[in-house]
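Open the model in your viewer and keep the selection tool at hand. The stops below go from the whole chain to single pairs of side chains.

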Amino acid sequence: MWYHKPVINKELLQSLPNLKIVASSGVGIDHLDLNLLSSYGVKVSNTPFVVSTDTADLGMALMLASSRRLVEGYEMAVSPDTEYFPADWLGTEVSGATLGIVGMGTIGYKVAERAKSFEMKILYHSRNQRKKEEESAVGAVYCKKIDDLLQQSDFVLLAVTLTPQTHKLIGKRELELMKPTATLINISRGLVVDQDALVEALQNKIIKAAALDVTYPEPLPRDHPLLKLKNVIITPHIGSATKKTRRVMMEEMSESIHAGLADLPIPHEVL
């Protein structure tokens, strides 16, 4: 499967009685009905670790691009109408700011490692607390309640898996808890955020900005209000989109398929 295609439903499974394995690219499996697949005796694999480094890099890139207003700056610099650069055109500091990471799995932790180099104060909220030595290595402080993280962070970065528990995890209430100077960064799944509430929060300056690699749907309708806001950066779900990573993803999927066909242990099997 690539970009969630083909759609694996009952009709497809019934038409493929000899199907042994579905190898899905990336880490997310929210597009798969694991119970349905299991009922047909079909195994599932994904590529959870290879995407982590590039996705963490993109999370930092989005934070820097949004805080320093790189897209707006580029447009100003190349516009035929620009006669001078205004002295009061300012961005926001990243170094020394507080970063709140929601979801401290492999990707979230790699973001924290990068943020440490920017001398950021790192807070995190996650289903499981990291070991003390892991927290110390990046200077991260655990917030048992997500509300505490939202209230204190200058940047809130989402790196969670989409599950029923994280569906629209960030809604109107959570956005109102954030600082009016804060930026929301989403490198997980679009449905982790209530987009209607996000549009309202951005329009009404409840929060300062958003930087999104994921939306719902993808791509957004061309008349969607998020596409018209100056304080939003949107990229086309490119967290893992580097030549090396995409090649390794394909290799890992092939290895899983060969193992599944040979009835051998499947690398990165989703259980």
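Start with the two domains: the C-alpha centres of domain 1 and domain 2 lie 30 Å apart. To colour them, select 10–49 + 242–262 for domain 1 and 51–234 for domain 2; these bounds come from an automatic or database domain assignment. This is a predicted model, in which local features need pLDDT of at least 70 and side-chain atom pairs count only at pLDDT 80 or more, while totals for chains, interfaces and linings use all residues. Residues are numbered from 1 along each chain as its sequence is written, and side-chain values use heavy atoms, with hydrogens and water left out.

**Between the domains**

Show the boundary next. Ten residues of domain 1 are in contact with six residues of domain 2, contact meaning heavy atoms within 4.5 Å. About 700 Å² is buried between the two domains, and carbon and sulfur atoms give 51% of that; buried area is the accessible area (1.4 Å probe) that two parts lose on being put together, summed over both. Select Asp30, Phe49 and Thr245: in domain 1 these lose the most area to domain 2, together 57% of what that side buries.

A salt bridge here is a side-chain nitrogen of Lys or Arg within 4 Å of a carboxyl oxygen of Asp or Glu. The count between domain 1 and domain 2 is one salt bridge.

**Other salt bridges**

Asp263 follows helix H10 (243–261) and Lys20 sits in the loop between helix H1 (10–15) and strand E1 (21–23), so the pair ties together parts 243 residues apart in sequence. Helices (H or I, at least four residues) and strands (E, at least two) are DSSP runs, numbered from the N terminus.

Now select Glu200 and Lys172, whose side chains meet in a salt bridge (3.4 Å, N to O). Glu200 is in helix H9 (residues 195–203) and Lys172 in helix H8, so this pair ties together parts 28 residues apart in sequence.

Finish with Asp147, Arg173 and Glu174, which salt bridges with shared partners join into one network.
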